[in-house]
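Have the model open while you read.

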Amino acid sequence: MNEILLLPILIPLTGALLLLLMPNHLRGWFATGTMAVSLASSGWLLSTVDATGSALVLHSGGWFFDGSPFGITLVGDWLSALFVLMSQLVLFLGFVYANGAKDKVVQYPTFYTLFMMLVVGLSGALLTGDLFNLFVFAELLVIAGTILTAVSDDKFGTEAAFKYFYISLIAAAFLLLACGALYVSYGTLNMAQLGQAIGLEATPLALMAMGLLLATFMVKSATVPFHFWQPDFHAAAPTAVSATLSSVVVKLGVYGYLRLITLLFVDQAPFIQNVLLLVGIVGIVFGGLSAVGTHNLKRMLAYSTLAQVGFILVGIGWGTPLSIAAALVFAFNHALIKAAMLMMAGAIASRAPVKSADFLNITAVGKLHPALGVFFFVGAMALAGLPPTNGFISKMLVFNSGIEAAGYWPLVLIGLASILTLVYTMRAFMRVWYMTRDKDETAVTFKQGDRLIAPMALVGFSFLLGIWANPLIEITTETALWLESPQAYINAVLDTELLARR
Amino acid sequence: MQIALVKDFMVFIVAISLLWLGALASWLLRHHLPADTRRGWILGLFPLSSFGIVLWQTLMLGETAVIHRTTWISTLNLDAVLQFDALSALFALLVTGIGTLIIIYAGYYFLNDDSAGRFFAYLFLFMGMMLGLVLAGDVITLFIFWEGTSITSFLLVAYKYKYESARAGAFKALFITAGGGIALLVGLLFLSSIAGSTDFATIMASGDLIRGSNLYLVTLILVALGAFTKSAQAPFHIWLPNAMSAPTPASAYLHSATMVKAGIYLLARFNPALGETEAWFWLLSLVGLATMLIGAYLGTKQKDLKALLAYSTISQLGILMMLIGQDTEIAFKALVIGVVAHAFYKSALFMGAGIIDIETGTRDIYRLGALRQSMPLGFAIIGISALSLAGLPPLFGFLAKETLLATAVHPSLPEFVSWLFTAAIIVAAAFKLVQAGMILFEVFLGNRKDETIQHRPLPKLVFLAPALPALMSLGLGILPEPQGLAEFFGAAAAVSFGDKVKVSFALWTGLNIPFALSVGAIGLGTVLFIQRKRLIAWQNSLLSWSFNGAFDQLIWGIDRASTLSTKVQSGKLRFYLSVMIVAMLGLVTISVGGFNLSQLATLEDLSLQENPVRLISLLITLLAAGATVLIKRDFFAILALGTAGLGVAIYMAVEPAPDVALVQIVVDILATLILILALTQLPQLQKSAAERLNGRFHLPSFIVAAGSGLLVTLITFTALTSRPRTSLVTPFYSDNAKALTGASDIVGAIIVDFRALDTLIEIAVFSLAGLGLYTLMRFAANKHQDHPPQAYINPRVQQFGIAGPQTSVYLRSMAKILLPIAFLVASVHMLYGHDQPGDGFTAGVIMSLAVGFTYLIFGFDEARQRLTWLQPFSLIALGILLVVFNGTMGYLLNGQFLSPIDYGGLLSITTLPAGVKLSSGFLFEVAIGLAVLGSASLMLDSLARPSALVIQPVTESESVPERGATAVSFFAKVFQRR
Amino acid sequence: MELLIAITIGTLFAISIYQILQRNVIRSAIGIILLGSAINLFLLSAGSVDGLVPAYTTLTGAQADALPQALVLTAVVISMGGLALILGMLYIIANRYQTSDLDEISNLRN
């Protein structure tokens, strides 16, 4: 049963390799099919976790003796299973979009392999229970993302990728330093063992490692002041990719924070949470303002990710089960919305006179596709947290948990800042669908756009999750409760009774 | 107030969905519905029927409110609740009743405009939201509909989106109302968290609890903010005049009868929970007072008929807000009457204004005039409504003002407040009289001012829609005491007052103070009206600070701040990295803040046993590394780097870590080579330009570097001094490696067995790098014409070795021999990687180096011809798939993924020469070797001649598929062999 | 001795960071490689025992800690791949922007 954990990693991996061996015209469909299977497997994973009510644990190679692991352990608990499902859902739709896209980059023989490896890296990083293995998977993720952006049709892609890769290398250095420091202190890299040991006694080195890990995850989740790579990178990546990067890949950092405060550094959690609260609020204000200030639709959405992730961090920062559940709901909903918005932005750009999402370039382009306007408007509402979309559910839950956690000042600030979301989303909508162009420009014959099944499906989901929110909230509440007790995770991985007896 | 739960509440859901059905119908049938007068009548059936439902329910409504709840989010036990009581009924009747008239009216307004389907759809959507809002019985349900009205009104105001004014008006309205919406949401959440439930019944019941809570004030302010923004209270009133750019039917509906009343409704509804306190009284009264005066004062300045009406609406809303503030029976009586009265005459006036607009083509009251001849009906209707606006007897508006004045002089108020209010109300009333007069005299009486205006009459039936409400306001005024109605109004008032309210419509209440006051008001008004020219001149002479200006300032401020915050993204990577590292150091410092650093490591436990080789290696590394900074020429700096790498290798060998040392050497060579290769690819000028940057001392970078160096020193020192430590894993490895994996090289065992998953992903990463480089150089670079122009490339380089000229026979034959030798060495590495230094990676690199040498000697083209068997894609795929296969076999045979298998044992090949073991480990090493070879050869392929495609352009589609095809067959063969 | 090693590794790390922060792209690439070496040395010194003999089951005595060595091997391979990628991107950028000055590679602003 525990082998289910391997499927979301191995299916894309195998698919990615088989893709290398087939003629170009088959690749798109094969990749999409593989992702569908992989998505199904991650759905199976979550339902199994739901059924067992505890974590699935797989000691790869079976290196598990006398109640403790000696190899690499994969752990699928509520948190990782939920995040894997979220990621693969969005990634699958990303593949669907790519399959219909007209970008040059999609035609490259290696495109789908690279994209698929991105999936492997993300799923693995979410499922692994070993710190160093997390580093390895994260590197796979980073390299795949870097290449995909470097070869993007956007001619700034390479520059963005270059900067991102440098920054990620530094982040990797942080992570390795942390690994070393923790191994020095506790002689293991298994997160469950580490959690147990740190719970008993936190050495100064461990605390240093905490700082380093925090920094690493802040880079991953593009949190101020580690965010510099993000606007460039997410704006320049090929649409299909940036839609997934800005929606789910940044959530790896969020996942990391949750592991830090609920498994590795439980006693130090208040400190981490205060830090997150601070950077979260800064991120919301900074991201919102920058999104208003920028001149490119994709870039605007990238900046808005800074702000939206900020809301999640504030939720984690409050640290009550309710607020963590709210943060998870927010993360899930944001993934859907942001992916949809970026895909639509890409579609709009590909209909503009020049293939660019620059506002001057896409003004009034919407009139070529009024139907898309409806979806974009709903997406904008969701992003701004207006009912009856899932964005409203997220915002309501976060605010509510804030009241329950008596975090009044953050609440006031994020309330004010969330008006900014309305400003930039509506401005963008009005510019693309309401404004008009002078004659000479409209004379340009517009190119045929991309297929829009994926974004429309995502907007559909957003709307559905706004009306029928209970299942998601139920799962996230379960997750938050599970995260309440670190011991549950530890017991699932280690045979604590046996260890206690010896 | 009792609550009764009833089952058959579906009727109200039907009533709401009927309106949305209307939206659907008018959108789907937008091309099929006739664009003439019939359209309005047909679509009018939808709101009419839901009006019927509401009316029917109202007649059946008793003392008790009926509520209906359906579970929405069970996890949060959050329900969707509808509640129907007298107050809801009153508003619901207005919403649906006037809605019907508006739809019919819109049919005429958009006569022969077949693109108006969109407008009808939006309007119906809004109606549904509005009806839901007044029927909601739960704060969340209420809020959802509340925001719904904001959004739909945005769509309606922006209906004529071609015009800048429409877009700006819509945006301003949305910004203000939705901004207030956020405040409202938080306020409602506060409210429900205090009351412990989200539904009205509980909240209204726990009024004392709420008023007692220490969060009362903030809750009140937040909720009030929501109401003020929605109901255009000063200073948020500015959105309403701008919203006049909406088509008139929308203005007549949203901005007179319904949406602007939402805030009034909200506060009236929550009076039992939030009201009856000092704060409540002062907040609402003062804001209302200000709004009333501002509206009245600014109204008279307007030229545009609709703008004038908008300001009089604002004024009226201020009055209603004031009324809620008072905690007296009579105030709530006045409230209900005022709401209804205003809804009637104002919608009539707006519709009339719309007709005038359509028929004459202008709304400028100073261009219009003498319309009494051309549109007598309109004169009658607007006349009545205007008099009602002026608050003259015998009209409904008179009642409203009467009761209002009565409220103001109510003994329960402090003396001076009472006088203040009275004075204000009289002034406002006077101004409203002037406004009414302006409508009548400028537009209908007098003589024509502008001859250019010609008159295109609409069908007479258009006047039906405005006529009905106008007559109502007349009728309610003059009919003698309609008892049932009075009771209904009383009940509605009672809901918000929380106690019985007696309502009477008696016009003549005797010669009491209110009457005297209203006479005074009328007198003052008349004077002002006669002197209106001077009045307006005086108003215009005043240097006026406008709230709109303030709003624009706000938006400007936001934009300014945004531009500043985007400046942070300076594009300078070095700046980004420095900030990051500093932030990291900061995080680490505050993380360990609690401890003093001496705890990390102490100089006592220094062991003084020296190891000369180590010292030397360290010295080499340090000097060489330092040299890379100091040396000016990049080429030599790279060589120094290579030396540093070798120093590291020696150190590793002494550690002792032979495997690592070996790989380090190999990698060091490779890295140096690639770096030099890259250097050669840079244009000469650029290189020299860049070299001029070298050796400049940069203090910030130095500080950052020093800080991070200190951190690493600290950690390393602690690590070293705390040796020997217990590792939870290593002892196990050294004890069981041989037994469990059959490997005597523990590191190798960890690589291919214990931590096989790491290795699997690691080679995936390496292969990906190769694929990436290939894609970058072969396709991406071409797409953007990145390759240097032809002139750069020495054409001979294309045919022959990198050196350019024809390479000697000796070299060529040497290269021919070197390749097989390299493969032999590599295979040795793979075979014995388990028992001695060296592993698949080393093997792969060695092979790739040989391949690289071949490229060097034979040049790109010939090398490609010689190495046809070298299919990087298939090698990579084969390699990694082999590992996956290996792992799967492990699962099939031992039930554990990636567990070691002794294939030799399985196939009973026990005795192989030279101690070769056919274990999974061996397969693993081979797999690594293949993948690395594939990837590395891709790198060489791309780097050796990145600009290959400049000479012979190859489109993406070709060159790869047939490679793939061969790969498929090759792949098939491989598996047949298994 | 420990102090010496620690300082050396720290200095190496510092040098690598300083190089990465240089304007000349080649120098910053050098910095990346040095960073890798520094990290690897650090990981080795994170080994739990001060080994005298390499980690082989055939050898007896104080064996060096094998796990960090394995980790280093993995890290080395990964950083190798990364290096190749960086150089590829450098080549593209150098030709696209006609500069090797990191500060001039700043077309992505605001």
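Predicted model: local features only at pLDDT ≥ 70, side-chain atom pairs only at ≥ 80, totals over all residues.

A:Asp153 forms a salt bridge with B:Lys783, with 2.7 Å between the closest N and O atoms; a salt bridge here is a side-chain nitrogen of Lys or Arg within 4 Å of a carboxyl oxygen of Asp or Glu. Another salt bridge joins B:Asp559 and A:Arg427. That pair crosses between chains, from helix α24 (residues 547-567) of chain B to helix α18 (residues 408-434) of chain A.

| Salt bridge | N to O distance |
|---|---|
| A:Asp153 with B:Lys783 | 2.7 Å |
| B:Asp559 with A:Arg427 | 2.9 Å |

Residues are numbered from 1 along each chain as its sequence is written, chains are lettered from A in the order in which they are written, and side-chain values use heavy atoms, leaving out hydrogens and water.

How many residues of chain B are in contact with chain A? The number is 116, facing 126 residues of chain A, where contact means heavy atoms within 4.5 Å. About 10400 Å² is buried between the two chains, 80% of it from carbon and sulfur atoms (accessible area, 1.4 Å probe, lost on putting two parts together, summed over both). In chain B, B:Gln569, B:Met580 and B:Leu768 lose the most area to chain A, together 7% of what that side buries.

Terms used: Helix = DSSP H or I, 4+ residues; strand = E, 2+ residues; numbered from the N terminus.
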